[in-house]
Amino acid sequence: GAARPAREERRLRVAEPTALGPRALDALRLSAHPAIATLLRASLLRAAASSPAALAAALARYHALLLHARDAAAVGRRLGRSAVRAAVGEDEAQLVLWGLLPAGDDDAELVLDDLPRVRALAARAAELARAGDAKRAALDALLAEEAPALVFTGSRATARWLRGALAHRRVAWCIGDEAGLGAARVPRQAVLGWFGPGAREAPARHLVTTDVAAEGLDLQRATRVIHYDLPWTAARLAQREGRARRLGAARAAVEVIRFEPSPAVERRLRQCRLLLRKARLPEALGLASDDDEASAARAGPWRWRAELLEAVGTCGADGSASVRASRAATLVGWVIERAGECMARGVLVVRADGSVREADARVGAWLARAAAGDGPPRDHAAEAVDALPRPVTAELRARLAALHRTAWTPAPRHADGTAVVRRLQRLIREAARRRDAVRLAVLERGLHAASLAPTAGEALALATLARADDDTMLAWCRRQAGTGQVGAAIPRIVAVLSLSP
(Lines give C-alpha, C1' and ligand atoms only; values in the text may rest on other atoms or scores of the structure.)
Protein backbone atom coordinates (compact mmCIF):
# COMPACT_ATOMS: atom_id res chain seq x y z
CA GLY A 1 0.00 0.00 0.00
CA ALA A 2 0.98 3.65 -0.33
CA ALA A 3 3.17 5.02 2.46
CA ARG A 4 2.91 8.30 4.29
CA PRO A 5 5.46 10.99 3.39
CA ALA A 6 8.60 11.07 5.50
CA ARG A 7 8.99 13.74 8.17
CA GLU A 8 11.87 16.25 8.16
CA GLU A 9 12.08 18.70 11.07
CA ARG A 10 13.65 22.09 11.71
CA ARG A 11 13.40 24.19 14.87
CA LEU A 12 13.55 27.98 15.06
CA ARG A 13 13.75 30.17 18.14
CA VAL A 14 13.14 33.91 17.89
CA ALA A 15 13.30 36.10 21.00
CA GLU A 16 10.20 38.12 21.80
CA PRO A 17 10.55 41.89 22.40
CA THR A 18 11.93 42.65 25.87
CA ALA A 19 9.10 45.09 26.54
CA LEU A 20 6.61 42.24 26.29
CA GLY A 21 8.63 39.51 27.96
CA PRO A 22 8.24 37.74 31.29
CA ARG A 23 9.77 40.61 33.31
CA ALA A 24 7.18 43.07 32.08
CA LEU A 25 4.35 40.68 32.92
CA ASP A 26 5.89 39.89 36.31
CA ALA A 27 5.15 43.46 37.31
CA LEU A 28 1.43 42.57 37.31
CA ARG A 29 0.12 41.22 40.62
CA LEU A 30 -3.07 39.91 38.94
CA SER A 31 -4.80 38.22 41.90
CA ALA A 32 -4.52 37.73 45.65
CA HIS A 33 -5.02 34.00 44.99
CA PRO A 34 -1.62 32.57 43.91
CA ALA A 35 -3.23 29.85 41.77
CA ILE A 36 -5.38 32.35 39.86
CA ALA A 37 -2.44 34.73 39.46
CA THR A 38 -0.33 31.87 38.04
CA LEU A 39 -3.09 30.91 35.60
CA LEU A 40 -3.53 34.48 34.36
CA ARG A 41 0.21 35.06 34.04
CA ALA A 42 0.66 31.83 32.05
CA SER A 43 -2.14 32.89 29.71
CA LEU A 44 -0.50 36.27 29.10
CA LEU A 45 2.93 34.67 28.62
CA ARG A 46 1.50 32.25 26.08
CA ALA A 47 -0.10 35.15 24.20
CA ALA A 48 3.19 37.08 24.25
CA ALA A 49 5.02 34.06 22.82
CA SER A 50 2.45 33.86 20.01
CA SER A 51 2.47 37.46 18.77
CA PRO A 52 2.15 41.07 19.93
CA ALA A 53 -1.35 41.01 18.41
CA ALA A 54 -2.32 38.06 20.62
CA LEU A 55 -0.89 39.75 23.70
CA ALA A 56 -2.67 43.02 22.85
CA ALA A 57 -5.96 41.12 22.57
CA ALA A 58 -5.35 39.22 25.85
CA LEU A 59 -4.44 42.42 27.71
CA ALA A 60 -7.47 44.21 26.27
CA ARG A 61 -9.74 41.43 27.57
CA TYR A 62 -8.08 41.56 30.96
CA HIS A 63 -8.28 45.34 31.07
CA ALA A 64 -12.02 45.14 30.42
CA LEU A 65 -12.32 42.53 33.17
CA LEU A 66 -10.53 44.81 35.64
CA LEU A 67 -12.87 47.67 34.76
CA HIS A 68 -15.85 45.42 35.49
CA ALA A 69 -14.21 44.32 38.74
CA ARG A 70 -13.72 47.96 39.75
CA ASP A 71 -17.35 48.81 39.00
CA ALA A 72 -18.53 45.71 40.87
CA ALA A 73 -16.37 46.57 43.89
CA ALA A 74 -17.91 50.06 43.98
CA VAL A 75 -21.30 48.49 44.76
CA GLY A 76 -19.96 45.85 47.12
CA ARG A 77 -19.83 42.95 44.63
CA ARG A 78 -16.86 40.81 43.56
CA LEU A 79 -16.13 39.04 40.30
CA GLY A 80 -15.87 35.22 40.45
CA ARG A 81 -13.77 32.65 38.64
CA SER A 82 -16.21 32.40 35.75
CA ALA A 83 -15.23 35.91 34.69
CA VAL A 84 -11.54 35.00 34.90
CA ARG A 85 -12.21 31.87 32.86
CA ALA A 86 -13.75 33.98 30.08
CA ALA A 87 -10.64 36.18 30.02
CA VAL A 88 -7.98 33.46 30.06
CA GLY A 89 -7.80 33.03 26.29
CA GLU A 90 -8.99 31.43 23.10
CA ASP A 91 -7.43 27.98 23.46
CA GLU A 92 -10.61 25.89 23.63
CA ALA A 93 -8.59 22.67 23.74
CA GLN A 94 -6.59 23.61 26.83
CA LEU A 95 -7.81 21.88 29.98
CA VAL A 96 -8.11 24.13 33.06
CA LEU A 97 -8.54 22.29 36.35
CA TRP A 98 -10.70 24.91 38.01
CA GLY A 99 -11.63 22.51 40.78
CA LEU A 100 -8.04 22.77 42.06
CA LEU A 101 -8.30 26.53 42.54
CA PRO A 102 -9.37 27.92 45.94
CA ALA A 103 -13.11 27.48 46.43
CA GLY A 104 -13.88 30.23 48.97
CA ASP A 105 -16.81 32.37 47.87
CA ASP A 106 -15.78 32.09 44.20
CA ASP A 107 -14.04 35.45 44.43
CA ALA A 108 -11.06 35.92 42.12
CA GLU A 109 -9.75 38.91 44.17
CA LEU A 110 -8.30 40.64 41.12
CA VAL A 111 -5.77 43.36 41.89
CA LEU A 112 -7.29 46.62 40.66
CA ASP A 113 -3.97 48.46 41.12
CA ASP A 114 -2.82 46.65 37.94
CA LEU A 115 -5.09 48.79 35.76
CA PRO A 116 -2.50 51.42 34.73
CA ARG A 117 0.17 48.79 33.98
CA VAL A 118 -2.25 46.64 31.96
CA ARG A 119 -3.35 49.67 29.97
CA ALA A 120 0.27 50.63 29.20
CA LEU A 121 1.27 47.09 28.21
CA ALA A 122 -1.76 46.75 25.93
CA ALA A 123 -0.84 49.99 24.17
CA ARG A 124 2.76 48.82 23.77
CA ALA A 125 1.64 45.46 22.38
CA ALA A 126 -0.67 47.15 19.89
CA GLU A 127 2.21 49.39 18.78
CA LEU A 128 4.49 46.38 18.23
CA ALA A 129 1.72 44.58 16.37
CA ARG A 130 1.58 47.46 13.88
CA ALA A 131 5.35 47.36 13.42
CA GLY A 132 5.77 43.58 13.28
CA ASP A 133 8.33 41.45 15.09
CA ALA A 134 11.28 39.14 14.42
CA LYS A 135 9.15 36.01 14.61
CA ARG A 136 6.79 37.22 11.88
CA ALA A 137 9.78 38.31 9.79
CA ALA A 138 11.21 34.78 10.05
CA LEU A 139 7.87 33.33 8.89
CA ASP A 140 7.78 35.80 5.99
CA ALA A 141 11.22 34.56 4.89
CA LEU A 142 10.02 30.95 5.02
CA LEU A 143 6.93 31.69 2.94
CA ALA A 144 9.08 33.52 0.39
CA GLU A 145 10.61 30.13 -0.50
CA GLU A 146 7.18 29.28 -1.98
CA ALA A 147 6.96 25.67 -0.78
CA PRO A 148 3.20 25.38 -0.05
CA ALA A 149 2.85 25.62 3.74
CA LEU A 150 0.25 25.10 6.44
CA VAL A 151 0.86 27.60 9.24
CA PHE A 152 -0.78 26.65 12.55
CA THR A 153 -1.36 29.07 15.40
CA GLY A 154 -3.16 28.60 18.68
CA SER A 155 -4.48 32.17 18.72
CA ARG A 156 -7.17 33.61 16.49
CA ALA A 157 -5.72 37.08 17.03
CA THR A 158 -2.36 35.86 15.70
CA ALA A 159 -4.02 34.21 12.68
CA ARG A 160 -5.86 37.44 11.83
CA TRP A 161 -2.64 39.43 12.27
CA LEU A 162 -0.69 37.11 9.97
CA ARG A 163 -3.35 37.02 7.25
CA GLY A 164 -3.13 40.81 6.90
CA ALA A 165 0.62 41.19 7.17
CA LEU A 166 1.48 38.33 4.81
CA ALA A 167 -1.13 38.88 2.12
CA HIS A 168 1.67 39.56 -0.38
CA ARG A 169 2.73 35.91 0.00
CA ARG A 170 -0.61 34.64 -1.37
CA VAL A 171 -1.72 33.51 2.08
CA ALA A 172 -5.22 32.11 2.54
CA TRP A 173 -6.71 31.78 6.00
CA CYS A 174 -9.21 29.64 7.86
CA ILE A 175 -10.36 30.78 11.31
CA GLY A 176 -13.32 28.92 12.77
CA ASP A 177 -16.13 28.87 10.21
CA GLU A 178 -14.67 31.82 8.30
CA ALA A 179 -12.10 31.67 5.51
CA GLY A 180 -10.67 33.87 2.81
CA LEU A 181 -7.73 35.19 0.84
CA GLY A 182 -6.25 38.45 2.05
CA ALA A 183 -9.11 40.81 2.91
CA ALA A 184 -11.62 38.89 0.78
CA ARG A 185 -13.98 36.33 2.30
CA VAL A 186 -14.12 33.03 0.38
CA PRO A 187 -16.27 29.97 1.17
CA ARG A 188 -14.44 27.73 3.60
CA GLN A 189 -14.74 24.63 1.39
CA ALA A 190 -13.27 26.51 -1.56
CA VAL A 191 -10.24 27.63 0.45
CA LEU A 192 -9.63 24.15 1.83
CA GLY A 193 -10.09 22.68 -1.66
CA TRP A 194 -7.07 24.69 -2.82
CA PHE A 195 -4.91 22.49 -0.55
CA GLY A 196 -6.73 19.18 -0.91
CA PRO A 197 -5.94 16.04 -2.93
CA GLY A 198 -5.33 16.72 -6.61
CA ALA A 199 -5.18 20.52 -6.18
CA ARG A 200 -2.57 22.15 -8.40
CA GLU A 201 -3.05 25.75 -9.46
CA ALA A 202 -4.82 27.87 -6.84
CA PRO A 203 -5.04 31.57 -5.94
CA ALA A 204 -3.28 30.86 -2.62
CA ARG A 205 0.06 29.23 -1.99
CA HIS A 206 -0.03 29.04 1.83
CA LEU A 207 -2.72 28.57 4.48
CA VAL A 208 -2.79 30.14 7.95
CA THR A 209 -5.21 28.33 10.23
CA THR A 210 -6.12 27.59 13.82
CA ASP A 211 -6.22 24.03 15.12
CA VAL A 212 -10.00 23.70 15.34
CA ALA A 213 -10.52 25.03 11.81
CA ALA A 214 -8.34 22.32 10.23
CA GLU A 215 -9.34 19.25 12.27
CA GLY A 216 -9.83 16.10 10.22
CA LEU A 217 -8.99 17.70 6.86
CA ASP A 218 -6.89 16.33 4.00
CA LEU A 219 -4.52 19.14 2.98
CA GLN A 220 -1.85 17.07 1.30
CA ARG A 221 -0.91 19.71 -1.30
CA ALA A 222 1.19 21.35 1.42
CA THR A 223 4.84 20.33 1.60
CA ARG A 224 5.51 22.19 4.85
CA VAL A 225 3.80 22.27 8.22
CA ILE A 226 4.82 25.28 10.34
CA HIS A 227 4.00 25.29 14.05
CA TYR A 228 3.97 29.06 14.56
CA ASP A 229 2.68 28.40 18.09
CA LEU A 230 3.27 25.16 19.95
CA PRO A 231 0.21 23.41 21.39
CA TRP A 232 0.12 21.80 24.83
CA THR A 233 0.00 18.19 23.65
CA ALA A 234 2.11 16.02 21.36
CA ALA A 235 -1.14 14.58 19.99
CA ARG A 236 -2.08 18.04 18.69
CA LEU A 237 1.30 18.33 16.96
CA ALA A 238 0.71 14.98 15.26
CA GLN A 239 -2.81 16.01 14.22
CA ARG A 240 -1.51 19.18 12.62
CA GLU A 241 1.18 17.32 10.69
CA GLY A 242 -1.31 14.64 9.72
CA ARG A 243 -3.18 17.18 7.61
CA ALA A 244 -0.29 17.12 5.10
CA ARG A 245 1.31 13.72 5.81
CA ARG A 246 -1.48 11.62 4.33
CA LEU A 247 -1.45 8.09 3.00
CA GLY A 248 -1.11 8.19 -0.77
CA ALA A 249 0.31 11.73 -0.90
CA ALA A 250 2.41 12.44 -4.00
CA ARG A 251 5.22 14.05 -1.97
CA ALA A 252 7.97 11.83 -0.59
CA ALA A 253 8.57 14.08 2.43
CA VAL A 254 6.95 16.89 4.39
CA GLU A 255 9.09 19.43 6.22
CA VAL A 256 7.99 20.32 9.75
CA ILE A 257 9.18 23.64 11.19
CA ARG A 258 8.68 24.47 14.87
CA PHE A 259 8.86 27.99 16.27
CA GLU A 260 9.90 27.45 19.88
CA PRO A 261 9.47 29.95 22.72
CA SER A 262 12.44 31.94 23.96
CA PRO A 263 14.46 30.54 26.88
CA ALA A 264 12.85 33.05 29.25
CA VAL A 265 9.32 31.97 28.31
CA GLU A 266 10.26 28.28 28.25
CA ARG A 267 11.58 28.51 31.81
CA ARG A 268 8.14 29.75 32.91
CA LEU A 269 5.78 27.65 30.77
CA ARG A 270 8.03 24.56 30.29
CA GLN A 271 6.09 23.97 27.10
CA CYS A 272 8.82 22.18 25.14
CA ARG A 273 9.65 20.02 28.15
CA LEU A 274 6.01 19.03 28.57
CA LEU A 275 5.68 18.22 24.87
CA LEU A 276 8.74 16.01 25.04
CA ARG A 277 7.41 14.13 28.08
CA LYS A 278 3.99 13.65 26.47
CA ALA A 279 5.60 12.52 23.20
CA ARG A 280 7.40 9.75 25.10
CA LEU A 281 4.20 8.41 26.63
CA PRO A 282 3.19 6.27 23.59
CA GLU A 283 6.54 4.46 23.66
CA ALA A 284 6.16 3.87 27.40
CA LEU A 285 2.74 2.34 26.72
CA GLY A 286 4.04 0.06 23.97
CA LEU A 287 3.14 2.43 21.14
CA ALA A 288 5.71 4.02 18.88
CA SER A 289 6.35 6.64 16.27
CA ASP A 290 5.27 5.68 12.78
CA ASP A 291 8.53 7.16 11.50
CA ASP A 292 10.47 4.29 13.09
CA GLU A 293 9.73 1.19 11.03
CA ALA A 294 11.10 -1.22 13.64
CA SER A 295 9.08 0.27 16.48
CA ALA A 296 5.99 0.82 14.33
CA ALA A 297 5.60 -2.95 14.20
CA ARG A 298 5.12 -2.83 17.96
CA ALA A 299 2.65 0.04 17.85
CA GLY A 300 -0.66 -0.63 19.52
CA PRO A 301 -4.06 -0.42 17.89
CA TRP A 302 -4.70 3.24 18.73
CA ARG A 303 -2.24 4.53 16.13
CA TRP A 304 -2.98 2.23 13.20
CA ARG A 305 -6.73 2.45 13.71
CA ALA A 306 -6.52 6.24 13.53
CA GLU A 307 -4.41 6.07 10.38
CA LEU A 308 -6.77 3.55 8.80
CA LEU A 309 -9.70 5.84 9.55
CA GLU A 310 -7.87 8.69 7.81
CA ALA A 311 -7.24 6.46 4.79
CA VAL A 312 -10.67 4.92 4.23
CA GLY A 313 -13.11 7.04 6.24
CA THR A 314 -15.88 5.40 8.23
CA CYS A 315 -16.63 2.45 5.96
CA GLY A 316 -16.65 -1.04 7.42
CA ALA A 317 -18.89 -4.05 7.82
CA ASP A 318 -19.11 -7.51 9.31
CA GLY A 319 -18.19 -10.40 7.00
CA SER A 320 -15.18 -11.83 5.21
CA ALA A 321 -12.83 -10.78 2.44
CA SER A 322 -9.51 -11.67 0.85
CA VAL A 323 -6.52 -9.63 -0.34
CA ARG A 324 -3.10 -10.36 -1.78
CA ALA A 325 -0.14 -10.30 0.61
CA SER A 326 3.47 -11.50 0.72
CA ARG A 327 2.63 -14.32 3.18
CA ALA A 328 -0.45 -16.29 4.13
CA ALA A 329 -2.31 -15.24 7.28
CA THR A 330 -5.79 -14.50 8.56
CA LEU A 331 -7.02 -11.37 10.35
CA VAL A 332 -9.86 -11.98 12.80
CA GLY A 333 -11.94 -9.09 14.11
CA TRP A 334 -13.61 -9.83 17.45
CA VAL A 335 -15.80 -8.12 20.04
CA ILE A 336 -17.01 -9.03 23.52
CA GLU A 337 -20.46 -7.63 24.27
CA ARG A 338 -22.75 -7.53 27.28
CA ALA A 339 -26.39 -6.48 26.90
CA GLY A 340 -25.57 -4.94 23.52
CA GLU A 341 -22.68 -2.87 24.94
CA CYS A 342 -19.17 -3.43 23.59
CA MET A 343 -16.81 -4.28 26.46
CA ALA A 344 -13.71 -5.04 24.36
CA ARG A 345 -12.72 -5.38 20.73
CA GLY A 346 -9.65 -6.02 18.65
CA VAL A 347 -8.01 -7.74 15.69
CA LEU A 348 -5.96 -10.95 15.88
CA VAL A 349 -3.44 -12.16 13.31
CA VAL A 350 -3.46 -15.95 12.78
CA ARG A 351 -0.31 -17.13 11.03
CA ALA A 352 -0.07 -20.14 8.75
CA ASP A 353 1.50 -22.20 11.58
CA GLY A 354 -1.57 -21.58 13.76
CA SER A 355 0.07 -19.08 16.14
CA VAL A 356 -1.98 -16.05 17.20
CA ARG A 357 -0.87 -12.51 18.05
CA GLU A 358 -2.39 -9.07 18.43
CA ALA A 359 -2.59 -7.05 15.21
CA ASP A 360 -0.06 -4.25 14.86
CA ALA A 361 0.51 -1.22 12.63
CA ARG A 362 1.39 -3.34 9.59
CA VAL A 363 -2.17 -4.58 9.14
CA GLY A 364 -3.41 -1.08 8.31
CA ALA A 365 -2.42 -1.39 4.65
CA TRP A 366 -4.17 -4.77 4.35
CA LEU A 367 -7.37 -3.43 5.86
CA ALA A 368 -7.27 -0.34 3.67
CA ARG A 369 -6.95 -2.50 0.55
CA ALA A 370 -9.82 -4.72 1.70
CA ALA A 371 -12.01 -1.65 2.30
CA ALA A 372 -11.19 -0.45 -1.21
CA GLY A 373 -12.12 -3.86 -2.69
CA ASP A 374 -8.54 -4.60 -3.69
CA GLY A 375 -8.60 -8.39 -3.78
CA PRO A 376 -10.45 -11.48 -4.97
CA PRO A 377 -14.25 -11.66 -4.58
CA ARG A 378 -15.40 -11.60 -0.96
CA ASP A 379 -16.86 -15.09 -1.03
CA HIS A 380 -13.37 -16.52 -1.68
CA ALA A 381 -12.63 -16.04 2.04
CA ALA A 382 -15.89 -17.46 3.37
CA GLU A 383 -14.30 -20.78 4.21
CA ALA A 384 -11.84 -18.97 6.51
CA VAL A 385 -14.56 -18.59 9.14
CA ASP A 386 -14.90 -22.37 9.48
CA ALA A 387 -11.14 -22.91 9.35
CA LEU A 388 -10.20 -20.73 12.31
CA PRO A 389 -7.69 -22.60 14.47
CA ARG A 390 -8.27 -23.51 18.08
CA PRO A 391 -5.75 -20.90 19.33
CA VAL A 392 -8.25 -18.18 18.33
CA THR A 393 -10.89 -19.77 20.55
CA ALA A 394 -8.37 -20.10 23.36
CA GLU A 395 -7.29 -16.47 22.98
CA LEU A 396 -10.87 -15.19 23.12
CA ARG A 397 -11.61 -17.42 26.13
CA ALA A 398 -8.57 -15.95 27.93
CA ARG A 399 -9.72 -12.39 27.18
CA LEU A 400 -13.21 -13.19 28.40
CA ALA A 401 -11.82 -14.60 31.64
CA ALA A 402 -9.70 -11.48 32.12
CA LEU A 403 -12.79 -9.30 31.69
CA HIS A 404 -14.66 -11.35 34.28
CA ARG A 405 -11.78 -10.96 36.72
CA THR A 406 -11.62 -7.19 36.30
CA ALA A 407 -15.29 -6.42 35.71
CA TRP A 408 -15.89 -5.24 39.27
CA THR A 409 -12.38 -4.10 40.13
CA PRO A 410 -12.56 -0.38 40.85
CA ALA A 411 -10.00 1.98 39.39
CA PRO A 412 -8.08 4.15 41.88
CA ARG A 413 -10.45 6.90 43.03
CA HIS A 414 -11.10 9.23 45.93
CA ALA A 415 -11.95 7.83 49.37
CA ASP A 416 -15.75 8.28 49.03
CA GLY A 417 -15.89 6.31 45.76
CA THR A 418 -13.79 3.52 47.24
CA ALA A 419 -16.07 3.35 50.28
CA VAL A 420 -19.16 2.99 48.05
CA VAL A 421 -17.57 0.17 46.03
CA ARG A 422 -16.50 -1.72 49.16
CA ARG A 423 -19.96 -1.44 50.72
CA LEU A 424 -21.57 -2.68 47.53
CA GLN A 425 -19.18 -5.62 47.40
CA ARG A 426 -20.18 -6.52 50.98
CA LEU A 427 -23.89 -6.30 50.10
CA ILE A 428 -23.31 -8.46 47.01
CA ARG A 429 -21.63 -11.17 49.11
CA GLU A 430 -24.57 -11.13 51.53
CA ALA A 431 -27.10 -11.35 48.67
CA ALA A 432 -25.14 -14.23 47.15
CA ARG A 433 -25.15 -16.15 50.45
CA ARG A 434 -28.94 -15.69 50.67
CA ARG A 435 -29.29 -16.62 46.98
CA ASP A 436 -31.37 -13.50 46.42
CA ALA A 437 -31.00 -13.30 42.62
CA VAL A 438 -33.12 -10.15 42.21
CA ARG A 439 -31.22 -8.17 44.88
CA LEU A 440 -27.93 -9.50 43.53
CA ALA A 441 -28.69 -8.25 40.01
CA VAL A 442 -29.65 -4.80 41.30
CA LEU A 443 -26.48 -4.53 43.39
CA GLU A 444 -24.27 -5.68 40.53
CA ARG A 445 -25.73 -2.97 38.31
CA GLY A 446 -25.03 -0.42 41.00
CA LEU A 447 -21.47 -1.67 41.41
CA HIS A 448 -20.95 -1.38 37.67
CA ALA A 449 -22.13 2.26 37.77
CA ALA A 450 -19.98 3.04 40.82
CA SER A 451 -16.90 1.51 39.18
CA LEU A 452 -17.03 3.81 36.15
CA ALA A 453 -14.99 7.02 36.11
CA PRO A 454 -17.35 9.59 37.65
CA THR A 455 -18.17 13.05 36.38
CA ALA A 456 -17.98 15.93 38.84
CA GLY A 457 -21.71 15.61 39.60
CA GLU A 458 -21.47 11.84 40.03
CA ALA A 459 -18.51 12.27 42.39
CA LEU A 460 -20.66 14.48 44.61
CA ALA A 461 -23.42 11.86 44.56
CA LEU A 462 -20.93 9.16 45.56
CA ALA A 463 -19.71 11.32 48.43
CA THR A 464 -23.28 11.53 49.76
CA LEU A 465 -23.89 7.83 49.12
CA ALA A 466 -20.78 6.81 51.07
CA ARG A 467 -22.44 8.08 54.26
CA ALA A 468 -25.94 6.70 53.51
CA ASP A 469 -27.53 3.60 55.03
CA ASP A 470 -27.95 0.27 53.21
CA ASP A 471 -31.56 0.95 52.18
CA THR A 472 -30.57 4.25 50.55
CA MET A 473 -27.69 2.46 48.85
CA LEU A 474 -30.04 -0.18 47.46
CA ALA A 475 -32.51 2.47 46.24
CA TRP A 476 -29.66 4.20 44.40
CA CYS A 477 -28.69 0.89 42.79
CA ARG A 478 -32.26 0.39 41.58
CA ARG A 479 -32.18 3.79 39.89
CA GLN A 480 -28.99 2.75 38.11
CA ALA A 481 -30.25 -0.71 37.29
CA GLY A 482 -33.63 -0.20 35.68
CA THR A 483 -34.98 -3.67 34.89
CA GLY A 484 -33.38 -6.91 33.79
CA GLN A 485 -30.17 -8.72 34.62
CA VAL A 486 -26.60 -7.64 34.04
CA GLY A 487 -26.29 -10.39 31.44
CA ALA A 488 -23.40 -12.52 30.33
CA ALA A 489 -20.45 -11.28 28.30
CA ILE A 490 -20.53 -12.86 24.85
CA PRO A 491 -17.50 -13.07 22.53
CA ARG A 492 -18.25 -12.74 18.82
CA ILE A 493 -16.17 -12.85 15.62
CA VAL A 494 -17.35 -10.03 13.37
CA ALA A 495 -14.96 -10.12 10.41
CA VAL A 496 -12.32 -12.31 8.79
CA LEU A 497 -9.73 -11.17 6.25
CA SER A 498 -7.76 -13.86 4.44
CA LEU A 499 -4.28 -12.94 3.19
CA SER A 500 -2.89 -15.08 0.39
CA PRO A 501 0.30 -14.79 -1.72
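Arginine 435 sits in the loop between α17 (415-434) and α18 (437-451); helices (H or I, at least four residues) and strands (E, at least two) are DSSP runs, numbered from the N terminus. The model is predicted, so local features need pLDDT of at least 70 and side-chain atom pairs count only at pLDDT 80 or more, while totals for chains, interfaces and linings use all residues. Residues are numbered from 1 along each chain as its sequence is written, and side-chain values use heavy atoms, with hydrogens and water left out.

Most residues other than glycine have a negative phi. Arginine 435, not a glycine, has a positive phi of about 55°. Arginine 435 counts as exposed because its relative accessibility is 78% (buried is under 20% relative accessible area, exposed over 50%, partly exposed in between; 1.4 Å probe, protein chains only). Arginine 270 also has a positive phi, of about 55°. Its loop lies between α10 (263-269) and α11 (271-284). At 44% relative accessibility, arginine 270 is partly exposed.

Eight strands form an open sheet of mixed pairing, ordered β1-β8-β7-β2-β6-β3-β4-β5. Two strands pair if DSSP finds at least two bridges between them. The edge strands, β1 (6-13) and β5 (184-185), each pair on one side only. Strands β3 (residues 171-175) and β6 (residues 206-210) run parallel, joined by four bridges. Here tryptophan 173 stands opposite valine 208 in β6.

Helix α9 (residues 234-242) lies across β1, β2, β7 and β8, at about 150° to β7. Contact means heavy atoms within 4.5 Å. Axes are lines fitted to C-alpha atoms, for helices over the stretch in contact, with angles from 0 to 180 degrees between N-to-C directions.
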